[in-house]
Amino acid sequence: MANKGPSYGMSRDVQSRIEKKYDEELEERLVQWINLQCGNDVEAPQPGRTEFQQWLKNGVVLSKLINSLYPKGSQPVKIPDNPPTMVFKQMEQVAQFLKAAEDYGVVKTDMFQTVDLYEGKDLAAVQRTIVALGSIAVTKNDGQYKGDPAWFMKKAQEHKRDFSDAKLKEGKSVIGLQMGSNQGASQAGMTGYGRPRQIIG
């Protein structure tokens with residue numbers, strides 16, 4: 001993969017806006033959660049966006065994270081014995097994490113692209129994906145999540161309602177207010193179209 005030189009003009013402006021979305025406080029919380037979730041398997045990086053990117057770049061930490069949300073024996077991502085060093089192997093490992101995260105319930109709009117992480121193009125998107133993963137883990141409440149549940153917001157859950165046939169039939173006979181009413185407003189006292197209004201004084 002070719003090294004990219006500095007960006008100029010509009011590209012630089014766009015890149016600086018993306019970089020401003022990166023949240024350093026959130027980085028600290030995510031590192032803390034990943035360490036708790038993965039246990040002694042994962043060492044925390046030094047603080048800072050570059051260190052955060054390097055820590056996640058080869059996909060191994062992310063793979064350990066998604067695997068830790070599953071019971072032993074049913075982990076979705078195979079983790080190599082030695083961290084991958086070749087670029088395409090690292091990107092493949094990240095892609096496996098993304099596929100597993102999607103299967104876990106993270107929606108496509110919350111997913112980062114492999115280049116967002118690998119080239120450091122949009123680390124805020126990487127943060128967003130991890131936050132979405134944490135939110136789903138807290139919402140599932142299946143005993144696999146480790147850490148403070150207050151770190152992530154619970155996702156809204158579907159609330160199914162079952163109405164009996166009698167209740168549904170009863171609803172059909174009710175006239176909703178959107179249908180209008182035959183009482184209340186009327187056209188009494190209105191002048192005909194095209195005629196000037198008579199002002200009696």
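The lining of the second largest pocket divides into three nonpolar, six polar and two charged residues. Here Ala, Val, Leu, Ile, Met, Phe, Trp, Tyr, Cys and Pro count as nonpolar, Asp, Glu, Lys and Arg as charged, and the others, Gly among them, as polar. This is a predicted model, in which local features need pLDDT of at least 70, side-chain atom pairs count only at pLDDT 80 or more, and totals for chains, interfaces and linings use all residues. Residues are numbered from 1 along each chain as its sequence is written, and side-chain values use heavy atoms, with hydrogens and water left out.

Stay with the pocket. Its lining consists of Q37, C38, G39, N67, S68, Y70, P71, K72, Q75, Q144 and K146. A pocket is an open set of points on a 1 Å grid over the protein atoms alone, where a 1.4 Å probe fits, with protein on both sides within 12 Å along at least five of seven lines; lining residues have an atom within 4 Å of a point. The second largest pocket holds about 150 Å³ of space. Helix 2 (24-38) and helix 4 (60-68) each give at least two residues to this lining. Helices are DSSP runs (H or I, at least four residues), numbered from the N terminus.

Now follow helix 2. Helix 2 packs against helix 3 (residues 49-56) at an angle of about 30°, and their axes lie 11 Å apart. Axes are lines fitted to C-alpha atoms over the stretch in contact, and angles run from 0 to 180 degrees between N-to-C directions. Helix 2 and helix 3 are therefore roughly parallel, a term for angles under 35 degrees. From helix 2, E27, L30, V31, I34 and N35 make the contact; from helix 3, R49, F52 and W55 do. Contact means heavy atoms within 4.5 Å. The residues of this contact are five nonpolar, one polar and two charged.

Helix 2 also packs against helix 7 (residues 123-140). Their angle is about 50°, with axes 11 Å apart. L26, E27, L30, W33 and I34 of helix 2 touch Q127, I130, V131, L133 and G134 of helix 7. Seven residues of this contact are nonpolar, two are polar and one is charged.

Helix 4 has its own partner. The axes of helix 4 and helix 5 (residues 87-104) come within 8 Å and cross at roughly 25°. Helix 4 is therefore roughly parallel to helix 5. V60, L62, S63 and I66 of helix 4 meet Q93, F97, A100, A101 and Y104 of helix 5. Seven of these contact residues are nonpolar, two are polar and none is charged.

Notes:
Points joined across faces, edges and corners; volume = space filled by probe spheres on them. Parallel < 35°, antiparallel > 145°, perpendicular 65-115°, else oblique.
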